[in-house]
Amino acid sequence: QVQLVESGGGLVQPGGSLRLSCAASGSIFSINAMGWYRQAPGKQRELVAGITSGGSTNYADSVKGRFTISRDYRKNTVYLQMNSLKSEDTAVYYCNVVVVVGGSFRHLEVWGQGTLVTVSS
């Protein structure tokens, strides 16, 4: 019904930047919240940043001032610009989207497949 395709992960040196993208497609009437989570080895998945349909954003304290979340409403895409990356940012990053499904108008939470971000020299 609804698919998410993530891109943009990879290996970067400390202090570097990466931009993650997540495009939603399928039977979408509208998109409510969009966000990024991450899970480091041996740790629980945590919220990194979120953005509402109205454009309000929230961030984990650990990434405030370094990461920026944004969305393109026409493309049903959410982005995560990550600057001043640190080794502790190393994790698998997951896109999360809450959509209203076309036809049924039910709310559906969808997860991306995950993209690995490795910050290392």
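Ile69 sits across from Leu80 of β8. That pairing belongs to two strands, β7 (residues 67-72) and β8, which run antiparallel and share 6 bridges. Strands here are DSSP runs of E with at least two residues, helices are runs of H or I with at least four, and both are numbered from the N terminus. Two strands count as paired if DSSP finds at least two bridges between them. The hairpin of β7 and β8 has 4 residues between its strands, and Asn76 there takes a positive phi near 50 degrees.

A word on what you're looking at: this is a predicted model, where local features need pLDDT of at least 70, side-chain atom pairs count only at pLDDT 80 or more, and totals for chains, interfaces and linings use all residues. Residues are numbered from 1 along each chain as its sequence is written, and side-chain values use heavy atoms, with hydrogens and water left out.

## The whole chain

There are 11 strands and 0 helices in the protein chain, so reading along the sequence gives β-β-β-β-β-β-β-β-β-β-β. The C-alpha trace spans about 50 × 25 × 25 Å along its principal axes. For 121 residues, a compact globule would have a radius of gyration near 14 Å, and the protein chain agrees, with 14 Å. (That radius is taken over C-alpha atoms, and the globule rule is 2.2 Å times the number of residues to the power 0.38.)

Of the 121 residues, 40% count as buried, meaning under 20% relative accessible area; exposed is over 50%, and partly exposed lies in between (1.4 Å probe, protein chains only). Among contacts with a separation of 6 or more, 55% come from residues 24 or more positions apart; a contact means heavy atoms within 4.5 Å.

## Strand β8 and Thr77

β8 (residues 77-82) is mostly covered, with 5 of its 6 residues buried.

Thr77 lies in strand β8 and counts as buried because its relative accessibility is 7%. Leaving aside residues up to four places away in sequence, Thr77 touches Cys22, Ala23, Met34, Ser70, Arg71 and Asp72. Ile31 is 46 residues away along the chain, yet the C-alpha atoms of Thr77 and Ile31 are separated by 9.9 Å.

## Strand β9 and its partners

β9 (residues 91-101) is another mostly covered strand: 9 of its 11 residues are buried. It pairs antiparallel with β4 (residues 28-39) over 9 bridges, and Gly35 has Asn96 as its bridge partner in β9. With β11 (residues 115-119), β9 makes 3 bridges, also antiparallel; here Val92 stands opposite Leu116.

β10 (residues 107-111) joins β9 through 5 bridges in the antiparallel sense, with Val99 facing Leu108 of β10. The hairpin of β9 and β10 has 5 residues between the strands, and Gly103 in it takes a positive phi near 95 degrees.

## Surface and charge

The protein chain exposes about 6,300 Å², and carbon and sulfur atoms supply 49% of it. Areas come from the Shrake-Rupley method with a 1.4 Å probe; for residues, only the protein chains shown count as cover.

There are 11 positive and 7 negative side chains, and the centres of the two sets lie 5 Å apart. Lys and Arg count as positive, Asp and Glu as negative, while His and the chain ends are not counted. Each charge is placed at NZ of Lys, CZ of Arg, CG of Asp or CD of Glu.
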